[in-house]
Amino acid sequence: MKTPKRIAPLIEDGLVDEVVYQLKSGKEASVFVVRCGDEIRCAKVYKEANKRGFKSHTQYQEGRKVRNSRRARAMAKGSRFGRGEQETDWQNAEVDALYRLAAAGVRVPKPHLFIDGVLLMELVTDGDGSAAPRLDDIMFTHAEAVEYHRNLMGQVVRMLCAGVIHGDLSEYNVLVDANGPVIIDLPQAVDAAGNNNAFRMLVRDVDKITAHFARYAPELMATDYAHEIWALYENGELHPDTRLTGEFQRDERPADVDGVLEGIEAAREEAVLRQLQADLEEH
């Protein structure tokens, strides 16, 4: 097949020998199967921002650290240079997340290199050596659905222990190899400690996976793993091997809005009195 323009430099530099075929084209990138010497790998080629369907960066990038102050200012202003740096940061996020999660024992593709908008990484395969299917492509028995759901809840826990929330987890970005599920597509990975949307995104990730497996095991819809995981995380009690129950007792009591407002007003009045007292003492 014709060599994609952004992979051509990797072939010229001897990093890739040939493009075998295009595996998929998604909202944010196209993925190609490539040969590197004796190994078959995949090359994820990120689309330019104006050609990509996934554009809601802000909620995902909150909390990510930008070491260079000039870059940070430019990204905040939204200048042409800043938009370019923001795009680079978006792409680097997936590479950083892959290395971080692999080190934490999460099942993700092994990254090899990232250069000029191309991520070269392990090709996840099935038992026959072909590209592994997505979760959505497989039919499960009841027992298999329960087991795969349990496995992925464990992966979510390991991710959170590493400080990462996928942010877009669903049956469409989980592959299945001979050993079970492998999580992919992480450019929108969220910093759990620094992002105000972290809990909401964790709930969404867990709910999507649960809804998928509930097609085969309906009782999973009665579970509440997201709130259980987050409560353990907030209390410092979440560990990579934490055994989950799927149960969580929510506080259903109505919020005491009047009481909160009275407390705020009392605090305001106290602050005013303290300031008046300080002014009197100065004079």
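## Terms and model

Helices and strands are here DSSP runs, a helix having at least four residues and a strand at least two, and they are numbered from the N terminus. By this naming, cysteine 36 belongs to strand S2, which covers residues 29–36. The model is a predicted one.

Although 18 residues separate cysteine 36 from glutamate 18 in the sequence, their C-alpha atoms lie 7.3 Å apart in space.

Strand S4 (residues 111–115) and strand S5 (residues 118–122) run antiparallel and are joined by 4 bridges.

## Helix H6 and threonine 210

Helix H6 spans residues 198–213, and the distance from its first C-alpha to its last is 23 Å, close to the 22 Å expected for its 16 residues at 1.5 Å a residue. Buried residues in H6 include Ala198, Met201, Leu202, Val203, Asp205 and Phe213.

Threonine 210, which has its place in helix H6, is buried with a relative accessible area of 7%. The side chain of threonine 210 also makes a polar contact, at 2.9 Å, with the side chain of histidine 149.

## The cavity

A search of the whole structure finds 1 cavity of 30 Å³ or more, and the largest cavity holds about 50 Å³ of space. Its lining is made up of Val156, Met159, Leu160, Val164, Ile165, His166, Leu169, Leu202 and Asp205. H5, strand S6 (164–165) and H6 are the elements that each give two or more residues to this lining, with the largest share, 3 residues, coming from H5. By class, the lining of the largest cavity has 7 nonpolar residues, 1 polar and 1 charged.

## The second largest pocket

The second largest pocket contains about 390 Å³ of space. It is lined by 16 residues, and those nearest its centre are Arg150, Gly154, Thr242, Arg243 and Leu244. Helix H5 (residues 142–161) provides the largest share of this lining, with 9 residues, while the lining as a whole divides into 7 nonpolar, 5 polar and 4 charged residues.

Conventions:
Residues are numbered from 1 along each chain as its sequence is written. This is a predicted model: local features need pLDDT of at least 70, side-chain atom pairs count only at pLDDT 80 or more; totals for chains, interfaces and linings use all residues. Side-chain values use heavy atoms; hydrogens and water are left out. On a 1 Å grid over the protein atoms alone, a cavity is a set of points where a 1.4 Å probe fits but cannot get out, and a pocket is an open set with protein on both sides within 12 Å along at least five of seven lines; lining residues have an atom within 4 Å of a point. Grid points are joined across faces, edges and corners, and a volume is the space filled by probe spheres set on the points. Ala, Val, Leu, Ile, Met, Phe, Trp, Tyr, Cys and Pro count as nonpolar, Asp, Glu, Lys and Arg as charged, and the others, Gly among them, as polar. Two strands pair if DSSP finds at least two bridges between them. The expected span of a helix is 1.5 Å times one less than its number of residues. Buried means under 20% relative accessible area, exposed over 50%, partly exposed in between (1.4 Å probe, protein chains only). A polar contact is a pair of N or O atoms within 3.5 Å; within protein, one must be able to donate a hydrogen and the other to accept it, and residues adjacent in sequence count only if both atoms are side-chain atoms.
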